[in-house]
Amino acid sequence: MDHKTITTLLFSLLFFITHLSNALSKDLCNENDKNTLLKIKKSLNNPYHLASWHPETDCCSWYCLECGDATVNHRVISLTIFAGQISGQIPPEVGDLPYLQKLVFRKLTNLTGQIPHSITKLKHLTFLWLSWTNLTGPVPDFLSQLVNLDYLNLSFNELSGSVPSSLSLLPKLTYIDLSRNKLTGTIPESFGSFPGEVPYLILSHNQLSGSIPKSLGNLDFNRIDFSRNKLSGDASMLFGANKTTFSIDLSRNMFQFDLSRVVLPESLGVLDLNHNGITGSIPVQWTEYSLQFLNVSYNGLCGPIPTGGSLQKFDSYTYFHNKCLCGAPLDSSCK
């Protein structure tokens, strides 16, 4: 091979490597997404937490972000801002990331204000987690416009007002957690008719009142947590032999019903009824269930604790402070 040919080959190889390097170093990030993200950073007062968000670098490599693959042209699909020294409000510009599927603002105690209406523009959003912040205002009715939403967690905030009945319109919702807020009013009647899969329903540590809508008895929930509210009346419709519920927590309310008539689902592993006004006795059939956790203390129960099964594996704290329950593991023997 002559000198000229070798030189030509070397130049061709150098040209190819240069172009390959340029192609690889090319920003995958969409320019509109990058501009939006820089506005979000500015709106949050340019926190150190987002120091990697530099206009000269590819935003798909930035901290807290994830871009999709080539099928969505590498658009931003996930924004997770977690446990940083960040103050301000949720920037309305989050609604200008049109391919966003996951939005998380979590453990940001200096985050204030309300949930912005602009998130209704996020038509692909499946996962919304805004918790451990100081967000105020209502649980917005407009969340029902997020028709692809699968997971909703607004726990540990300062949200007030009522639980919007329109959440039951969301066809793909499988998880609702509104716990540890300042919500008032009743549980919506519409929560007895979710169109898709029956969601996990966690409404604990609020100030909800009134009785549970009977329509909830038509659904087969996997997990219900209504604990630490001001709910009253009958909650027995949540039980039933034909259900596949795993966990029910109704503790620290004002429920009143006859426990003698309650048939548990065989699947039930966790049952907490402490601090209510529940009467009657513990059914003998409960010895047939393999409960992992049980608490019926601080009620108005009477009669012997049935022997056998798993009922004696719990300690006296499970049963104490009832009207006239007796038998092991309590000290009082049944006369």
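Tutor: Let's start with cysteine 302 and cysteine 324, which are joined by a disulfide with an S to S distance of 1.5 Å; the term covers any pair of cysteine sulfur atoms within 2.5 Å. Strands (E, at least two residues) and helices (H or I, at least four) are DSSP runs, numbered from the N terminus. This disulfide is right-handed because the torsion about its S-S bond is about 75 degrees.

Before going on, keep in mind that this is a predicted model: local features need pLDDT of at least 70, side-chain atom pairs count only at pLDDT 80 or more, and totals for chains, interfaces and linings use all residues. Residues are numbered from 1 along each chain as its sequence is written, and side-chain values use heavy atoms, with hydrogens and water left out.

Back to that pair: cysteine 302 is partly exposed at 22% relative accessible area, and cysteine 324 is partly exposed at 36%. For those words, buried means under 20% relative accessible area, exposed over 50%, and partly exposed in between, using a 1.4 Å probe and protein chains only.

The sulfur rule gives four disulfides in total. One of them links cysteine 29 and cysteine 59, S to S 1.8 Å, and a torsion of about 80 degrees makes it right-handed. Cysteine 29 sits in the loop between helix H1 (3-25) and helix H2 (31-43), while cysteine 59 is in the loop between H2 and strand E1 (65-67), so the bond ties together parts 30 residues apart in sequence. Cysteine 29 is buried at 9%, and cysteine 59 is buried at 0%.

Cysteine 60 and cysteine 67 also form a disulfide, with their sulfur atoms 2.1 Å apart. Here the torsion is about -90 degrees, so the disulfide is left-handed. Number the bonded cysteines in sequence order and the pairing reads 1-2, 3-4, 5-6, 7-8. Cysteine 64 is in no disulfide; its nearest cysteine sulfur, on cysteine 59, is 12 Å away. Cysteine 64 is buried too, at 11%.

Now the rings. The structure holds ten aromatic pairs. One is tryptophan 132 with phenylalanine 156, stacked at 3.9 Å centre to centre with 10 degrees between the planes. Rings of Phe, Tyr and Trp (its six-membered ring) pair if their centres lie within 6.5 Å; planes under 30 degrees apart are stacked, over 60 edge-to-face, and the rest tilted. Tryptophan 132 is partly exposed at 39%, and phenylalanine 156 is partly exposed at 27%.

Tyrosine 151 and tyrosine 175 stack as well, because their ring centres are 4.6 Å apart and their planes at 10 degrees. They too connect distant parts of the chain, 24 residues apart: tyrosine 151 is in strand E7, tyrosine 175 in strand E9 (residues 175-177). Tyrosine 151 is buried at 14%, and tyrosine 175 is buried at 18%.
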